[in-house]
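I set out to look up a few features of this model one after another, and I wrote down what I found as I went. The entries follow below.

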Amino acid sequence: MPAPLKRRSSVLWLIVVASASLAPCTELRAQDNSNWPLAWAQWHNRTRDWGGIRTNLSDKGLDLGVLYTQDVAANPVGGLNQSLTYGARLEGMAKLDFDKIFGIKGSSLHYIMYQGLGQGLSQEVIGNDFGVTQIFSSDILAIANLSLQQKLYHDQIYISAGRLAVGDIFARDDTFAYYLNGALNSTPGQLLINQPTFTTYPFNIWGLAGTYTFPDNQYIGLGVYDASVDDLNNAENGFNFRFEPKGDVLMVGQVGVNPGKDDTSKYLPGHYQIGAFYNTSRVDVLGSTTETREGNWGAYAIARQMIYQEKDLQGLSLWGLVTIAPQQAINTQPFGVSGGLFYQGLLPNRDNDVTAGAFILGFYSDHLQGQSYELVFEATHRYQFADWSYLTLDFQYVVNPAGNDDIPDAWVFGTEFSVKF
């Protein structure tokens, strides 16, 4: 991308006016079936109806949206050195409803672009692998999603094809967005460290995925994706449409259940999922420049359950996750485990605020000398100012950055602010 384009965030505003879009992964995230009130898909807009323009366009089949989110973080103690960084993402989103336009029921086209701003704190300053801020995604203008989506059979069947993030459907939980650490950016960071093509928003790759939801809130998901790293929409090429898979395929399967989703359910809200993946690619052996192995697989399990309910969605929930990728020779973190809790409405008269805590732990391969584990503790509080904006205050303590005890443990203080226009 030409350097002047990188520096001009105003370019995205022009694109937003011409082709702005729906909230990131709105239809995809809906497959979680969790019904949590702070999901982006449920936000209203600060600028409301744009004087009737939004409604008129929506009636004709075009839904629009603009989202701005920023992270500011500093590590006054520890890491390779100390600094304060600002990272942000400005997103323009559009959805074409083919039911309204062409009469094709349940069919739509989704298009999301973003301008990345600023820099991250982890790799550049601290030197750790679990990114302490989730929004920074390189200083580029890029496409985040371009997909055709179809719902069938009373919306029980959902299919998506195009430039997709694997984490839009698989190994995700929307409540992870309460945290700032990128390793909980809806998809466990341990998976992404081992599998670069197990993409998470806004990075994407060509794929076809779908889910089937049973009447009792159980579901099954299957996906097939291009597993060529060269075809990734990555930090070097935000408009990469290359499709040269060379037989490299990432296959993902998942089953899950969402107890308590219905208002009439006797269960408290929860979400349980288990999944596995297989990558047919040849992978470099760790520490070798010539040796490779063919095929790589892994599995994961994620559980989240409300255990105490005040009223509606206010109350205390616990969650935990485990990831495995047992081939030590080719996986940087063969085993990972994370867990935490969050409470909605803990503070008096702040019913929509969320207070949360978590730990993130990844164990490094025996083939990586001098690297043992990285552990992050995080405590955070999200102030939900309105249904279109929030501010999060966050503290993290990073132990053994990148598994290296030669790097001092880091203290990180950060904030996240987001507004949907």
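I began with the second largest pocket, and found that β9 gives the most to its lining, with five residues. I noted that strands (E, at least two residues) and helices (H or I, at least four) are DSSP runs, numbered from the N terminus. This is a predicted model, so I kept in mind that local features need pLDDT of at least 70 and side-chain atom pairs count only at pLDDT 80 or more, while totals for chains, interfaces and linings use all residues. Residues are numbered from 1 along each chain as its sequence is written, and side-chain values use heavy atoms, with hydrogens and water left out.

**Entry: the two pockets**

I looked up how a pocket is defined: on a 1 Å grid over the protein atoms alone, a pocket is an open set of points where a 1.4 Å probe fits, with protein on both sides within 12 Å along at least five of seven lines, and lining residues have an atom within 4 Å of a point. A volume is the space filled by probe spheres set on the points, which are joined across faces, edges and corners.

For the second largest pocket I read a volume of about 360 Å³, and a lining of 20 residues, of which P196, V229, R282, V283 and D284 lie nearest the centre. The elements that give two or more residues to this lining are α7 and β9 (270-284). By class, I listed seven nonpolar, nine polar and four charged residues there, where Ala, Val, Leu, Ile, Met, Phe, Trp, Tyr, Cys and Pro count as nonpolar, Asp, Glu, Lys and Arg as charged, and the others, Gly among them, as polar.

The largest pocket holds about 1,000 Å³ of space, and 34 residues line it, with Q123, D129, F136, L192 and F203 nearest its centre. At least two lining residues come from each of α6 (122-126) and α7 (189-194). I sorted the lining of the largest pocket into 14 nonpolar, 17 polar and three charged residues.

**Entry: aromatic rings**

How many aromatic pairs does a search of the whole structure find? I noted 14 of them, with the rule that rings of Phe, Tyr and Trp (its six-membered ring) pair if their centres lie within 6.5 Å, and that planes under 30 degrees apart count as stacked, over 60 as edge-to-face and the rest as tilted. The rings of Y178 and F342 have centres 5.3 Å apart and planes at 65°, so I wrote this pair down as edge-to-face. Because Y178 lies in the loop between β5 (157-164) and α7, and F342 in strand β12 (residues 335-344), the pair ties together parts that are 164 residues apart in sequence. Y178, at 4% relative accessibility, counts as buried, and F342 is buried with a relative accessible area of 2%; buried means under 20%, exposed over 50% and partly exposed in between, with a 1.4 Å probe and protein chains only.

I then turned to Y397 and W411, whose pair is edge-to-face at 6.2 Å centre to centre, with 85° between the planes. Y397 is in strand β15 (residues 389-399) and W411 in strand β16 (residues 410-420), 14 residues apart. Y397 is partly exposed at 26%, and W411 is partly exposed at 41%. Ring pairs link F395, Y397, W411 and F413 into a cluster.

**Entry: salt bridges**

I found six salt bridges in the structure, each being a side-chain nitrogen of Lys or Arg within 4 Å of a carboxyl oxygen of Asp or Glu. Among them, R89 and E91 meet at 3.6 Å, N to O, and both are buried. D174 and R172 meet at 2.4 Å, N to O, and both of these, D174 and R172, are buried too. E291 and R293 meet at 3.8 Å; E291 is partly exposed at 39%, and R293 is partly exposed at 36%.

**Entry: backbone details**

I reminded myself that most residues other than glycine have a negative phi, and most peptide bonds are trans. The peptide bond from Y201 to P202 is cis, with omega near 10°, and P202 is found in the loop between α7 and β6 (205-213). Is N349 buried or exposed? I read that N349 is exposed, with a relative accessible area of 77%, and that its phi is near 60°, a positive value. N400 also has a positive phi, of about 55°, but N400 is buried at 10%.
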